[in-house]
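Take a look at the structure first, then read on.

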Amino acid sequence: MLTDLNFEEIKEYVKKIGLPAFRGEQIFDAIYSGKELQEISNLPQALKDIISADYPQYKIIQCLESKEDGTRKYIVQFADNNIVECVLMKYKYGYTLCVSTQVGCRMGCKFCASTLHGLARNLSAGEILGQVLLVNKALGGSRKNRMITNIVMMGSGEPLDNFDNVVKFIDLVSTGKGLNISQRNISLSTCGLVPQIYKLMEKDYNITLTISLHATTDEKRAEIMPIANAYKISEIIKACKDYYEKTNRRIYFEYTLIKGKNDSEEDVKRLAKLLKGFNCHINVIPLNSVKERELEGTTRLFAYKFVDKLKACGLSATVRRTMGEDIEGACGQLRNKILRLKSN
Ligand code: SAH
């Protein structure tokens, strides 16, 4: 698919099929403006026929908007009919898009809807990028008129479990010739695949690394996150410290509060012990309950109190805004709902 190629590679592609170089510019511009093939006005039909098999076939098939906060959830469908969701959030400084990196997920976190149907397949770099291009267009943007300023890889999937495609996506989306989204405005969230964190470090990116921690002991973490059987919290934090040394980028930790599981005074103390003195920030968010799972979130008021306790221990922490709760906002929830409706 052409969206997997960078500008140089698209130029090679048009050269190979015997077209003049300016056609490469036109095709590149159309792809990065999120256009469907029929919408490109400056290409002759004969040429469209030649490239149609390689031209991206993805499209937005549904959009839900939250009445509470204007957050929008888009369902994107790919050529093989697989669907993923991405979430658009409006902030003071612009739009942030939360993209999916896999169809489903195989990490098996107990509280997460993305994992309910396992992993269907990885997304290619172009399919991750496609989510950005389509939503940018839906906002009235194009390649030259970029509406999306920030990207977080916090949709369905474990980005570091799809490493090669994810780094290619980061390259494509941050290059000056494309949408030119600054790497400083890109976050990658992981459940903590330690060897891949080191591999990512070698890329010398300026992106923000976010760790889904969610527990303060390895035993408790393993109860909700199977990946904890492979890597210890201490190994993850060591990798984060090395990442910080190398990149000077502050690390973020996600801590989802689950009633009776990870919300005790002891947890506050252990978190403080684990992270004290490290230049990092903790995002606390009450669990967004998933129908199929028995876990329950805390109230927002409880989350604020939890954060106050962390602050009293000298940590930097905030309660994360929950957005789009009325539109199945959390990871994989909407795709799951659609699959559920289909199977009924
Ligand atoms: N696999 C990656 C990225 C996807 S999940 C990761 O684990 O970080 C993005 C974030 O949403 C993670 O912190 C995840 O733990 C959290 N999350 C998933 N389901 C949730 C739910 N039901 N309520 C609150 N947060 C959830």
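How much accessible surface does the protein chain have, and what share of that surface belongs to carbon and sulfur atoms? The accessible surface comes to about 15,200 Å². Carbon and sulfur atoms account for 48% of that area. Keep in mind that this is a predicted model.

**Overall build**
- The protein chain holds 11 helices and 12 strands.
- Its radius of gyration is 21 Å, close to the 20 Å that the globule rule gives for 344 residues, so the protein chain is as compact as a globular protein of that length.
- Along the principal axes, the C-alpha atoms fill a box of roughly 70 × 50 × 35 Å.

**Burial and contacts**
- Of the 344 residues in the protein chain, 55% are buried.
- Take the contacts between residues at least 6 apart in sequence: 66% of them join residues at least 24 apart.

**The sheet**
- Ten strands form an open sheet with mixed pairing, in the order β1-β2-β3-β4-β7-β8-β9-β10-β11-β12.
- Strands β1 (59-65) and β12 (317-319) are the edges, and each pairs on one side only.
- On average, neighbouring strands of this sheet are turned by 25° against each other, direction ignored.
- Helix α8 (residues 233-247) packs on the sheet, where it touches β9 (208-212) and β10 (251-257).
- The direction of helix α8 makes about 145° with that of β10.

- Strands β3 (residues 83-91) and β4 (residues 94-98) run antiparallel, joined by 5 bridges.
- Met 89 has Thr 96 in β4 as its bridge partner.

How values were computed:
Residues numbered from 1 in each chain as written. Predicted model: local features only at pLDDT ≥ 70, side-chain atom pairs only at ≥ 80, totals over all residues. Heavy atoms only, no water. Pairing = 2+ DSSP bridges. Helix = DSSP H or I, 4+ residues; strand = E, 2+ residues; numbered from the N terminus. Axes fitted to C-alpha atoms, helices over the stretch in contact; angles between N-to-C directions. Contact = heavy atoms within 4.5 Å. Rg over C-alpha atoms; globule rule 2.2 N^0.38 Å. Buried < 20%, exposed > 50% of the residue type's maximum accessible area, 1.4 Å probe, protein only. Areas by Shrake-Rupley, 256 points an atom, 1.4 Å probe, with all protein chains shown as cover.
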